[in-house]
Amino acid sequence: MAAAASVIAVPLALGGLTSQSYAQGASPSPSGTFGPGCSSISQKVDTVKDKVSQAAAAYPQLSQLVSATVRAGMNGTLDGKPHITVFAPNDQAFQKVTVSQLSSLLGNQGQLKKVLNYHVVDQQITPDELSKGSFTTVEGSKLTTSGSGTSFKVNGKANIVCGNIKAANATIYVIDQVLQPPS
C-alpha cells in the first residue's frame, strides 16, 4: 500500500529541478547543466539538497524511471549510496521500449533491478570524464561514454539530453534510451 501511495504521490510532487547555470553552445567541459533537454527544467527547486530519488522526482520527464525505481524497491538503496552517477532514461526512452518488453521488465523485479543498476555508476562522473569514458556499473558490467563539448553518447547509442544535474549524493545525466546490460 505504501509503495502504491509513493507511485501515486510521485507524479503529484513533480516540480522543477535545479537553480544551476546552463552551458551555452559547445565548450570543452561544461561546468553547469548542459544539453537540449535542460530547457524543460524549471529553476524553482534546489535539488542539490535532495538525494537522487527526490531530485529525479523533481524532473517531470523522469516520472517513468522514478516509478520503476519505486517498483524495484531501489529508491532507498540509491539514496543511501554516496557520490554516484545515474544515467537516467527519460520518459521518451521508455516509450521506445515495446509494450511487451516493458511489461515483462516491470513484472520481473530481479530483471528490473538489474537493468536499473546498469544505469548507475558508483562514482561521480564529471563532464570532463565523458569524452572517452569506460565505467563499471553497480550491475557489474561496463558502459562507455563518448563525445565532446556538450554532445555526449552512452554506449554509442543513447544521447545525453541533459547532463551534470547535481543532487546531494549524485550526478544525473538524462539519456534518451533505456540501456540494456550485456547478456
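This is a predicted model: local features need pLDDT of at least 70, side-chain atom pairs count only at pLDDT 80 or more; totals for chains, interfaces and linings use all residues.

Modeller: Residues are numbered from 1 along each chain as its sequence is written, and side-chain values use heavy atoms, with hydrogens and water left out.

Biologist: How many aromatic pairs does the structure hold?

Modeller: Three. Rings of Phe, Tyr and Trp (its six-membered ring) pair if their centres lie within 6.5 Å; planes under 30 degrees apart count as stacked, over 60 as edge-to-face and the rest as tilted.

Biologist: Why is the pair of Phe34 and Phe152 called edge-to-face?

Modeller: The ring centres are 5.7 Å apart and the planes sit at 65 degrees, so edge-to-face it is. Phe34 lies in the loop between α1 (2-13) and α2 (52-57) and Phe152 in strand β5 (residues 151-154), so the pair ties together parts 118 residues apart in sequence. Helices (H or I, at least four residues) and strands (E, at least two) are DSSP runs, numbered from the N terminus.

Biologist: And what makes Phe87 and Tyr173 a stacked pair?

Modeller: Their planes are 20 degrees apart, with 5.6 Å centre to centre. Phe87 is in strand β1 (residues 84-89) and Tyr173 in strand β7 (residues 170-175), 86 residues apart.

Biologist: What makes something a nonpolar core?

Modeller: You need buried Ala, Val, Leu, Ile, Met, Phe, Trp, Tyr and Cys residues joined through side-chain atoms within 4.5 Å. The largest one has 33 residues, and Val52, Leu62, Ile84, Leu116, Ile172 and Val174 touch the most other members. Helix α2 gives the most to this core, with four residues.

Biologist: Which residues of α7 are buried, and what do they pack against?

Modeller: Leu112, Val115, Leu116 and Asn117 are the buried ones, and they pack against α3, α6 and β2 (120-121).

Biologist: What is found at the start of α7?

Modeller: There, a side-chain oxygen of Asn108 comes to within 3.2 Å of the backbone nitrogen of Gly110.

Notes. Buried means under 20% relative accessible area, exposed over 50%, partly exposed in between (1.4 Å probe, protein chains only). Contact means heavy atoms within 4.5 Å. A polar contact is a pair of N or O atoms within 3.5 Å; within protein, one must be able to donate a hydrogen and the other to accept it, and residues adjacent in sequence count only if both atoms are side-chain atoms.
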